[in-house]
Amino acid sequence: MSSEGGGGGFTAMAISNPMFTNAAKSAAFSTLKAEEGDNELFNAKARSSVDPAALDVDEKELSRIRYWARMLRIAMLIICTLMMITGFYNFLSSSSSSLSDSFLAAYLFVFATLLCCYECGLRMVAMQLVQNFGFLYNPFGRFVFLVFVGFICYDLSTLGIVCFCLLIVYGCVNMYVHFKHPQYGRYLRATHAYNRATAKRGAPMTV
């Protein structure tokens, strides 16, 4: 009886010992880690987690996409400035009899502001653009939108006709870049949503 009592007391003391508790926890976690390493489903899930801002391009292709994005951004900001001037001037100069021109000028100013925010990729509105204005990342959808805005410009003034021509040229160049670089749309989404874009593939080998 005394030996059993002594054995039980020794066991209780060992369990209550912090060193024993830490060792037991370490052994349990190491066993769990080994089981997770042997689990094929767990390994497949771990391998499938990729960077959402990574594009299926190499660094050379990514540098070209960045170049075109920068050039098109500068061009669109210039066009947006001209459209804002056109809308603001026509809104102030339109009389009460030409109420439709006032509405067109106001709409043009709003659309110009939207395009300006899109090109600048402001963090406050970037996620809203990605979620609610997805057509701007599609070459056809964006071209149709630019033509629509261009017709509004065309009906306002001589400067509006200039904006119309610039928007059509810009839309054609934008479609060319989308087809020349298929990852261009994803690049814009990544930079607006994550403020960055990386290359998934390594640099091509030279022989």
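Predicted model: local features only at pLDDT ≥ 70, side-chain atom pairs only at ≥ 80, totals over all residues.
Reader: How many helices and strands does the protein have, and in what order do they run?

Author: The protein has nine helices and two strands. From the N terminus on, the elements run α-α-α-β-α-α-α-α-α-α-β.

Reader: How do you know that the span of helix α7 agrees with its number of residues?

Author: Helix α7 covers residues 139-154, which is 16 residues. At 1.5 Å a residue, α7 should therefore span 22 Å, and its end C-alpha atoms are 22 Å apart, so the two values agree.

Reader: Which residue caps the N-terminal end of α7, and what makes it a cap?

Author: The cap is N138. A side-chain oxygen of N138 lies 2.9 Å from the backbone nitrogen of F140. A polar contact requires a pair of N or O atoms within 3.5 Å, and the distance here is 2.9 Å.

Reader: Which residues of α7 are buried, and why are they said to be on the same side?

Author: The buried residues of α7 are P139, R142, F145, L146, V149, G150, I152 and C153. They cover an arc of only 155 degrees around the axis, and therefore they lie on the same side of α7. In general, an α-helix has 3.6 residues a turn, so residues three or four places apart point the same way.

Reader: What covers these buried residues of α7?

Author: The cover includes α4 (59-93), α5 (99-120), α8 (158-180) and α9 (184-194).

Reader: Why is Y154 called partly exposed?

Author: Y154 is found in helix α7. Buried means under 20% relative accessible area and exposed means over 50%. The value for Y154 is 44%, so Y154 is partly exposed. Leaving out residues up to four places away in sequence, Y154 touches G160, I161 and F164. Y154 and F164 are ten residues apart in sequence, and their C-alpha atoms are 5.8 Å apart.

Reader: Why does H181 count as buried, and where is it placed?

Author: H181 has its place in the loop between α8 and α9. The relative accessibility of H181 is 5%, and because the limit for a buried residue is 20%, H181 counts as buried. Apart from neighbours within four places in sequence, H181 is in contact with E61, R64, I65 and W68.

Reader: What makes α9 largely enclosed by the rest of the structure?

Author: Eight of the eleven residues of α9 are buried, and α9 is therefore described as largely enclosed. The buried residues are Y184, G185, Y187, L188, A190, T191, H192 and A193. After α9 comes N195, whose phi is positive, near 60 degrees.

Reader: What makes a set of residues a nonpolar core, and how many residues has the largest one?

Author: The members of such a core must be buried nonpolar residues of the listed kinds, joined through side-chain atoms within 4.5 Å. The largest nonpolar core has 35 residues, and those with the most contacts inside it are M76, M83, L115, V149, L167 and Y187. The elements that give two or more residues to this core are α4, α5, α7, α8 and α9. The largest share, eight residues, comes from α4. In soluble globular proteins, nonpolar side chains tend to be buried together.

Reader: Which residues does V149 touch?

Author: Not counting residues up to four places away in sequence, V149 touches M83, L108, F111 and L167.

Reader: How much of the protein counts as buried?

Author: Of its 207 residues, 32% count as buried. The accessible surface of the protein comes to about 13200 Å², of which 67% belongs to carbon and sulfur atoms.

How values were computed:
Residues numbered from 1 in each chain as written. Heavy atoms only, no water. Helix = DSSP H or I, 4+ residues; strand = E, 2+ residues; numbered from the N terminus. Expected span 1.5 Å × (residues − 1). Buried < 20%, exposed > 50% of the residue type's maximum accessible area, 1.4 Å probe, protein only. Arc of directions from axis to C-beta. Contact = heavy atoms within 4.5 Å. Polar contact = N/O pair within 3.5 Å; in protein donor to acceptor, adjacent residues only side chain to side chain. Areas by Shrake-Rupley, 256 points an atom, 1.4 Å probe, with all protein chains shown as cover.
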